Amino acid sequence: MAQTVAVILAAGRGTRMHSGLAKALHELGGVPMVEHVVRAVREAGLGKPWVVVGHQADRVEEVLEGQAEFVRQPEMHGTGDALAQALAVMDSDVDNVVVLVADCPLVPPSLIEKVLQVHRDSQAAATIVSMIVSDPSGYGRIVRADDDRVRAIVEDKEAMSDPALYQINEVNTGLGVWSVTGLAKLLDTLPWHHDEKYLTDAVARLIAAGKRVEAYVAPDPARVMGINTRRDLAQAEAYLRELTLNRLFDQGVTIVDPASTYVDVDVEVGQDTVIYPMTFLRGKTRIGRECHIGPMTSIVSSRLGDGVRVDRSVVEQSSLASHSSVGPFSHLRPGTSLDHNVKIGNFVELKNTRVGTGSKAGHHSYLGDATIGGGVNIGAGTVIVNYDGQAKHPTFIGDGAFIGCNANLVAPVEVGAGAYVAAGSTITQNVPPDALAIARSRQENKPDWARQRRKS
């Protein structure tokens with residue numbers, strides 16, 4: 001049974017990005033550009049695409065592990081050679097190939113479906129995707145005959161020598177559908193341009209052979225824009241951010257100031273949540289209903305239940321159960337878990353710590369590698385001393401314990417349920433349940449000490 005497969009060209013270095021990172025791996029909305037294209041292919045119903053990798057191939061394959069099949073282009077000899085490498089490893093029952101590029105990450109699944117439909121209905125040898133732009137410089141021009149058929153794709157350098165061609169504003173995007181019959185042989189005969197073969201030359205060969213070539217004009221040029229520079233990346237980021245915020249609006253989320261709110265594409269936010277200005281929601285963050293997030297807050301790959309409040313704080317790879325609150329000016333580092341109705345107040349840092357239901361750490365504390373029960377009060381200035389210079393050690397605080405202000409808990413240590421730790425204590429031994437631990441020197445007052453010091 002004949003099938004259609006997708007090929008994503010992702011082998012290039014991207015020299016105009018001026019980066020040590022392969023262009024395909026630069027992120028857009030928190031997701032590498034090439035992964036956006038892979039997702040579009042799979043949402044369009046084409047299954048796992050073939051991804052042609054070259055520069056930093058191992059890193060690209062690691063990012064897309066389980067999402068795509070890979071073929072390596074040993075030498076970066078251009079788009080024509082890249083497609084030929086992919087064709088060489090495909091099953092014999094493939095009849096059409098959808099060709100996409102990693103640096104065109106905003107292509108929607110609906111466009112892939114539409115161009116496939118146009119290609120099949122017209123029975124063309126190739127159907128390319130074009131777009132209308134106000135400034136065509138840098139793009140290959142689509143030249144049409146009087147009957148509106150595609151007659152040629154003229155590269156930008158060639159168009160510069162012909163004013164009529166140069167002014168054409170319908171340009172090639174590099175995306176399209178190709179019939180497989182005879183395509184491998186055609187690619188093998190393409191001319192070389194400084195050690196590269198251009199897939200656009202295949203269009204000219206097809207037309208010269210009397211084959212039909214169609215061009216489908218993308219309705220929204222922004223969705224098929226190519227990203228070649230950091231400026232292009234910033235423009236695409238702004239466009240994608242607008243799409244993401246509009247999705248949240250439509251789902252019943254209040255965003256007080258969209259211009260200062262940054263949300264990655266994989267973030268989910270529940271109905272009636274309010275997001276305040278200068279808030280960053282990153283990674284695969286999940287936020288429940290009726291939350292208040294921000295202002296000046298950053299949440300990275302974390303899960304928040306319903307009714308959570310986070311004010312001017314940073315939350316990273318943590319879990320906050322319903323009706324918990326954080327901030328202002330606190331930092332939840334990876335591995336932190338807050339149960340229901342936990343309050344983390346001003347200038348508190350937690351790392352790899354679980355806090356039980358109803359517990360409170362109101363201000364100026366560090367809690368690391370700890371398990372804290374429910375109904376615990378952590379006094380201001382409490383520090384869990386979890387690192388001895390070589391290893392991290394755990395601390396356990398039982399339900400209903402009370403930790404006084406300015407206490408140091410030197411791990412490994414356990415404070416039993418209902419126990420009290422006196423303010424100013426440095427605890428180095430376990431505290432039994434319901435006990436009072438005092439670990440500080442006795443106060444001594446020296447009368448007239450200050451007056452005598454002044455006299456001397």
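Is phenylalanine 402 buried, partly exposed or exposed? Select phenylalanine 402 to start: its relative accessibility is 35%, so this residue counts as partly exposed. Bear in mind that the model is predicted.

**First stop: the aromatic pairs**

The model holds 3 aromatic pairs. Select both rings.

Now colour by secondary structure. Phenylalanine 329 sits in the loop between β24 (325–326) and β25 (331–332). Phenylalanine 347 belongs to strand β27 (residues 343–351). The pair therefore ties together parts that are 18 residues apart in sequence.

Phenylalanine 329 has 40% relative accessibility and counts as partly exposed. Phenylalanine 347, at 46%, is partly exposed too.

**Second stop: phenylalanine 402 and tyrosine 420**

Phenylalanine 402 is in strand β34 (residues 402–403), while tyrosine 420 is in strand β37 (residues 420–421). This contact links parts 18 residues apart in sequence. Check the surface again: tyrosine 420 is partly exposed, with a relative accessible area of 44%.

**Last stop: a charge over a ring**

Select tyrosine 387 and lysine 392. What lies over the face of tyrosine 387? Lysine 392 does, at 5.5 Å from the ring centre.

Terms used
Residues are numbered from 1 along each chain as its sequence is written. This is a predicted model: local features need pLDDT of at least 70, side-chain atom pairs count only at pLDDT 80 or more; totals for chains, interfaces and linings use all residues. Side-chain values use heavy atoms; hydrogens and water are left out. Rings of Phe, Tyr and Trp (its six-membered ring) pair if their centres lie within 6.5 Å; planes under 30 degrees apart count as stacked, over 60 as edge-to-face and the rest as tilted. Helices (H or I, at least four residues) and strands (E, at least two) are DSSP runs, numbered from the N terminus. Buried means under 20% relative accessible area, exposed over 50%, partly exposed in between (1.4 Å probe, protein chains only). A charge sits over a ring if NZ of Lys or CZ of Arg is within 6 Å of the ring centre and within 35 degrees of the ring normal.
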